[in-house]
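Please read it alongside the sequence and the coordinates.

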Amino acid sequence: MPHRKRHHRAVGAAVAATAALLVAGLSGSASAGTAPAGSAPTAAETLRTDAAPPALLNAMQRDLGLDRRQAERRLVNEAEAGATAGRLRAALGGDFAGAWVRGAESATLTVATTDAGDVAAIEARGAEAKVVRHSLADLDAAKARLDKAATGLNTADAPVWYVDTRTNTVVVEAIRPAAARSLLTAAGVDRSLARVESRAERPRTFYDLRGGEAYYINNSGRCSVGFPVTKGTQQGFATAGHCGRTGAGTTGANRVAQGTFQGSIFPGRDMAWVATNSSWTATPYVLGAGGQNVQVTGSTAATVGASVCRSGSTTGWHCGTIRQLNTSVTYPEGTISPVTRTTVCAEPGDSGGSYISGSQAQGVTSGGSGDCRSGGETFFQPINALLQNYGLTLKTTGGDGGEEPGEPGGTWASGTVYQPGDTVTYGGATYRCLQGHQAYAGWEPPNVPALWQRV
């Protein structure tokens with residue numbers, strides 16, 4: 001059909017225009033992640049995977065069974081895979097059905113499509129192609145119907161549902177299969193799109209009234225600081241909404257007066273932020289193993305299958321992988337959506353703590369099941385949605401975020417949270433966002449090809 005021919009020409013053009021950014025590790029190059037002199041920076045260079053601190057690499061080795069070289073290579077490959085997947089998502093359009101990485105070093109990127117005619121273009125980018133029945137847009141739409149239907153149902157016995165790109169289905173996990181079937185029926189989701197899986201445990205929020213470290217809410221409950229942020233000249237930090245309501249006061253781990261919750265949403269979302277007093281200074285770090293600082297250089301969202309590490313005041317540093325992005329989870333207090341599901345463990349008191357991939361902030365701990373002795377799963381509230389909702393700027397080592405506009409006449413702006421597919425103008429050219437992130441000075445579109453594609 002004529003429109004299909006035009007589509008494949010567009011895919012081919014996009015591939016040819018970005019051929020210099022093949023996924024590091026997929027080609028087997030010994031110099032992957034290092035750009036030749038005078039060439040555009042690689043995604044790994046842009047996202048500063050070389051800035052990963054020893055504490056993070058050590059935790060990845062412990063929890064993912066890697067050696068140091070594998071951990072370093074994994075971060076490089078995941079940065080490059082994210083950029084490649086973003087470009088292919090833009091090129092494939094409505095055919096795109098998701099992407100994920102696998103392997104000890106995340107060296108294999110798979111991109112799914114509903115059109116077999118896209119296979120050559122995907123493989124030309126160094127990725128594996130998988131032809132599937134349903135597009136990501138179709139799966140997301142089905143999951144949205146489940147979210148809407150869940151508002152009128154008791155989903156305690158079907159507490160988790162998500163888009164699983166690897167199986168090209170929407171999965172409902174249930175204590176009782178009948179509860180999953182009721183949800184699917186109420187949502188009007190075609191059974192060809194859905195799969196029901198059993199689970200034994202009900203997720204819960206990691207909230208603790210026993211005291212400890214990190215920060216305290218109204219001198220009683222304890223949670224963990226997520227990421228330091230600013231809002232204009234006001235300093236503070238992002239955390240989980242279930243930790244405290246708007247107006248609640250906080251004290252630090254040292255029991256010194258700290259701040260006040262300025263906004264809090266729970267359930268529905270699990271996001272909040274605390275404005276701190278003048279005694280506290282926001283820094284671009286999260287607490288790593290042994291008290292080491294782990295620097296934050298941005299908030300580029302990681303790919304399914306990518307490594308992610310968590311810092312919490314109860315259990316410290318633990319790592320795992322991202323299982324699904326677009327997930328809904330029901331706690332006793334209500335349903336939260338969308339959250340990201342991970343294989344990282346956590347325990348009460350870890351709530352609100354930070355998830356980071358390499359040096360890129362990912363989100364704040366919401367809840368989960370299991371523990372760090374027997375293993376478990378966790379869900380985090382994505383940080384970019386939190387930043388966008390409250391108009392916050394993530395504190396990073398790349399700069400203060402500022403409010404600098406792009407060049408005159410451009411729409412790109414520092415401090416703005418961009419999602420894949422968003423378009424901006426800068427310096428007289430138009431760019432399309434490839435990966436979700438918050439922009440800041442130094443990450444102007446021409447400077448970060450891992451995040452922006454000129455169109």
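Why is the disulfide of Cys309 and Cys319 right-handed? The torsion about its S-S bond is about 100 degrees, so the disulfide of Cys309 and Cys319 is right-handed.

This is a predicted model, in which local features need pLDDT of at least 70, side-chain atom pairs count only at pLDDT 80 or more, and totals for chains, interfaces and linings use all residues. Residues are numbered from 1 along each chain as its sequence is written, and side-chain values use heavy atoms, with hydrogens and water left out.

**Chain totals**

- The chain holds eight helices and 28 strands; these are DSSP runs numbered from the N terminus, with helices being H or I of at least four residues and strands being E of at least two.
- Of the 455 residues in the chain, 56% are buried, where buried means under 20% relative accessible area, exposed means over 50%, and partly exposed lies in between (1.4 Å probe, protein chains only).
- Contact means heavy atoms within 4.5 Å; among contacts in the chain between residues at least 6 apart in sequence, 61% join residues at least 24 apart.

**Disulfides**

- A disulfide is a pair of cysteine sulfur atoms within 2.5 Å, and by this rule the count comes to three.
- With bonded cysteines counted along the chain, the pattern of pairing is 1-2, 3-4, 5-6.
- Cys223 is joined to Cys243, with an S to S distance of 2.1 Å; the angle about the S-S bond is -95 degrees and the link is left-handed.
- That pair links distant parts of the chain, 20 residues apart: Cys223 lies in strand 9 (residues 221–223), and Cys243 lies in the loop between strand 11 (234–239) and strand 12 (249–251).
- Both ends are buried: Cys223 has a relative accessible area of 0%, and Cys243 has 2%.
- The sulfur atoms of Cys309 and Cys319 are 2.0 Å apart; this pair links distant parts of the chain, from strand 17 (residues 307–312) for Cys309 to strand 18 (residues 316–331) for Cys319, ten residues apart.
- Cys309 is buried at 1% relative accessible area, and Cys319 counts as buried at 6%.
- Cys345 and Cys372 form a disulfide with sulfur atoms 2.1 Å apart; the torsion about the S-S bond is about 100 degrees, so this link is right-handed.
- Cys345 counts as buried at 11% relative accessibility, whereas Cys372 counts as partly exposed at 22%.

**The Gln438 site**

- Gln438 belongs to strand 27 (residues 437–438) and is buried, with a relative accessible area of 5%.
- The side chain of Gln438 reaches the backbone nitrogen of Leu394 at 2.8 Å and the backbone oxygen of Gly415 at 3.0 Å.
- Leaving aside neighbours within four places in sequence, Gln438 is in contact with residues including Ser299, Asn384, Thr393, Thr416 and Trp443.

Conventions:
Polar contact = N/O pair within 3.5 Å; in protein donor to acceptor, adjacent residues only side chain to side chain.
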